[in-house]
Amino acid sequence: MACRFILQNLSKRHLLHSTFASRSASTLILAEHEGGSIKAQSLSAVAAASSINGDNPVSLLLAGSGSSLQQAAEKAATCHPSVSQVLVADSDKFAHPLAEPWAKLIQLVQLKGGYSHVIATSGSFGKNILPRAAALLDVSPVTDVVEINGPHQFIRPIYAGNALCTVRYTGANPCMLSVRSTSFPVPPISGDLKSGGASISEVDLSTLDEDSIGKSRFIKLSSEETDRPDLGSARVVVTGGRALKSAENFKMIEKLAEKLGAAVGATRAAVDAGFVPNELQVGQTGKIVAPELYMAFGVSGAIQHLAGMKDSKVIVAVNKDADAPIFQVADYGLVGDLFEVIPELLEKLPEKK
Amino acid sequence: MVAVKRVVDYAVKIRVKPDKSGVETQNVKMSMNPFCEIALEEALKIKESGLAKEVVAVSMGPSNCVDTLRTGLAMGADRAIHVEASRDLVPLTVAKLLKKLVEIENPGLLILGKQAIDDDCNQTGQMIAGLLGWPQGTFASKVVLDKEKQVATVDREVDGGLETLCLDLPAVITTDLRLNQPRYATLPNIMKAKSKPIKKFTLEELNVEIKSDLEVVQVTEPPKRKAGVILSSVDELIDKLKNEAHVI
C-alpha cells in the first residue's frame, strides 16, 4: 500500500556536521528488480550496508513501472531484516534502467533524504549509474569495494586485482560506493521478520529534473535463453578458453556444466572468437565470480582472466601446457588434453543429486 | 574528442612498493590504456567514414602524457590537448576538466575507454556525461552513427547480454574490448605526428575545483593462494574434489 512520503528537511549544516556521527548514518540502496522480485545481487548491497553501521536505517530504492515494480516492492519490504524502508519510483521513464533518469532520481532522493551512504552492487547497472549520480551530487564515489573497514574506509582492487588499495573518503555526505557482490555474501534469512517488514512509499517525482531524460532510448536486450544458474552467483562454474577451438566444441563445457549443475564461463579469447556470447566472460572487464568450485579448461591464466576468478574457493585447471600460468592459482591441476579429460569426467562424475 | 590515459602497460607484472604507498611505476613500461586505444580507433573510423571532420585527443597529467598524445597523433588524431597536472587527479576532477574542454572545443561526440587498467575505476565517462547532461552509452561493443537523425545506436555489453540504446547526439560513449581492433601507428604517421599541434592548458587556466575527497591510505598485495598440486589422473581429480575439497 503506497503512502505519502514524508519529507524530512535536514538542513545542509546538519548534514555536514553529521559526517562522522553514526547516529545520523542512514543508507540508500540502489536496488535492481526483475520479474517482480529483487535481484539477488542487490541484497549484497544491503549486507554491505549492515557492515558499515550495524543498525543504521536502510532504505531500498526501486524504480520501474507497473505491477512488476509493485510486486518487487512488496518482496523488498521483507527481503532483509536491515531494510526499514522501500522507496518506489513508478514512471515510464524507469521502464528500463537507463542511467540518465536514474541519476536524476538518485539526486532527487538524496537531496530529500540526506543519506550518509548510497550503495549499489558493482554489476553493469551499478557501474553505469552510480558514477553519473555521484557527479551530479559532486562527490567522488568508491567503486568495486571488496572490504569495508569503517564508515568511510574501503578496500578496492586495482591493477586487475594484483594490488589492493585502501581508500578513505573525506568528503561530504553522501559517501557513495559500489560493492562486489561476491565479497558481501548474504546470510540466509531465517524465519519471518517480527516487524512485518519495511514501509513502502512512493517517491514524489513531480520535481524530477527532466533535463537529459529522454535523450536515450532503450531499443532491445539480446540475451541467451538458458537453464544454467546465474554466472555471478553459481556455486560451481565451468569455464572454457580458446583451446576449445569452436562453438561446437564448447558444447562439451556446457554438458559438463549440466552434469555439475554449474554455470558456464568463458575467457575473453573464447568470446572474441565467437564461441559464446559476451555475458559469459569472466575477467577484469567481464564478470567477477567467486564460486565454491571453478573449473578452467584450456585456459592459459592471463592476469586479466585471473582477476575475475581468483577468489574462487577451489580452482581446478586442465591444460596441455604444464607452464600455463593458470596452474599457479589452481588448487588441483591436470596437465592433459581437455578433449580427453572432459569426456572422461562426464563418464566418471557422479550424477548431481 | 577522445580522452586517453597513460598507464602501466597491460602485460607488465606490477609490484607493490615496500612502503605500501603505491605500485612501482619507475622504470616500468608505460602505454596508452588499451580501452583508450579502442576509443581513439573508433573516433578515427568515424572520421574516416566521413561522419566527423576532426579527432582531438586529450590527456591530463604530468609532462610524460605528451608521449601518449604523440602515439594518438601517430594513430591518426588531428590535434591533441594536454592538461598539465602534477598530481593524481580523481575521476571527478578529470570529468570537470573535460567539461571545460568540451565547452571550449564543442565536439559532437566524446569517446573514452570504459576503464583505466591501473585504477580500474570505470567512472570518468559516466561522470562527464552527467555533468554535461549528455546521454551515455557505456561498455559499447558497437556504435553506429546516423548523421541525419543526429543519433548514435550503441550496443552495450551488460550482465544480461547485449543491450541496444539509441542516444541523441552529442553523447558520451565508453568503449569495451570488442568494439574494434586498434591500428598500429605506421612509421610515416609517427613522423607526421611530430608536427601535429599539442595545446597545453594548466589547471589554473581551466579554473576547475580540484576535488580531493579520496585519500589513499595504503596499497597492499592481495592474499596469496596456498600452492596447489598437479594431479595425475581424472580419477584422482574426482577423488580430491569429492573427498578432500568436498565440492562435488
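In this predicted model, 80 residues of chain B are in contact with 83 residues of chain A, contact meaning heavy atoms within 4.5 Å. The two chains bury about 6,800 Å² between them, 54% of it on carbon and sulfur atoms, where buried area is the accessible area (1.4 Å probe) that two parts lose on being put together, summed over both. Because the model is predicted, local features need pLDDT of at least 70 and side-chain atom pairs count only at pLDDT 80 or more, whereas totals for chains, interfaces and linings use all residues. Residues are numbered from 1 along each chain as its sequence is written, chains are lettered from A and ligands numbered from 1 in the order in which they are written, and side-chain values use heavy atoms, with hydrogens and water left out.

**Interface of chain B and chain A**

- Of the area that chain B buries against chain A, 11% is supplied by B:D159, B:R178 and B:R225, more than by any other three residues.
- Seven salt bridges are found across the interface, a salt bridge being a side-chain nitrogen of Lys or Arg within 4 Å of a carboxyl oxygen of Asp or Glu.
- One salt bridge is formed by B:K96 with A:D138, and its closest N and O atoms are 2.6 Å apart.
- The elements that give two or more residues to the side of chain B that touches chain A include α3 (91-105), α4 (124-132), β7 (136-146), β8 (151-158) and β9 (161-168) of chain B; helices (H or I, at least four residues) and strands (E, at least two) are DSSP runs, numbered from the N terminus.
- The element that gives the most to this side of chain B is β9(B), with eight residues.
- B:D235 lies in helix α7 of chain B, and a polar contact of 3.0 Å joins the side chains of B:D235 and A:K348.
- B:D235 is partly exposed, with a relative accessible area of 45%; on this scale buried means under 20% relative accessible area, exposed over 50%, and partly exposed in between (1.4 Å probe, protein chains only).

**Helix α4 of chain B**

- Eight of the nine residues of α4(B) are buried, so the helix is largely enclosed by the rest of the structure.
- The cover over the buried residues of α4(B) includes α5 (124-136) of chain A, together with α3, β6 (109-113), β7 and β10 (171-175) of chain B.
- Just after α4(B), B:G133 takes a positive phi of about 75 degrees.

**Aromatic rings**

- Three aromatic pairs are counted over all chains, under the rule that rings of Phe, Tyr and Trp (its six-membered ring) pair if their centres lie within 6.5 Å, with planes under 30 degrees apart counted as stacked, over 60 as edge-to-face and the rest as tilted.
- The pair of A:F94 and A:W102 is edge-to-face, because the ring centres are 6.5 Å apart and the planes stand at 75 degrees.
- A:F94 counts as buried at 2% relative accessibility, and A:W102 is likewise buried, with a relative accessible area of 2%.
- The rings of A:F250 and A:F275 have centres 6.4 Å apart and planes at 45 degrees, so this pair is tilted.
- A:F94, A:W102 and A:F125 are linked into a cluster by ring pairs.

**Backbone geometry**

- A cis peptide bond, with omega about 0 degrees, joins A:N173 and A:P174, and A:P174 is found in the loop between β10 (163-169) and β11 (175-179) of chain A.
- In chain B, the peptide bond from B:L169 to B:P170 is cis, with omega near 0 degrees, and B:P170 lies in the loop between β9 and β10 of chain B.
- A:D144, a residue other than glycine, has a positive phi near 65 degrees; A:D144 lies in strand β7 (residues 142-145) of chain A and is buried, with a relative accessible area of 16%.

Methods:
A polar contact is a pair of N or O atoms within 3.5 Å; within protein, one must be able to donate a hydrogen and the other to accept it, and residues adjacent in sequence count only if both atoms are side-chain atoms.
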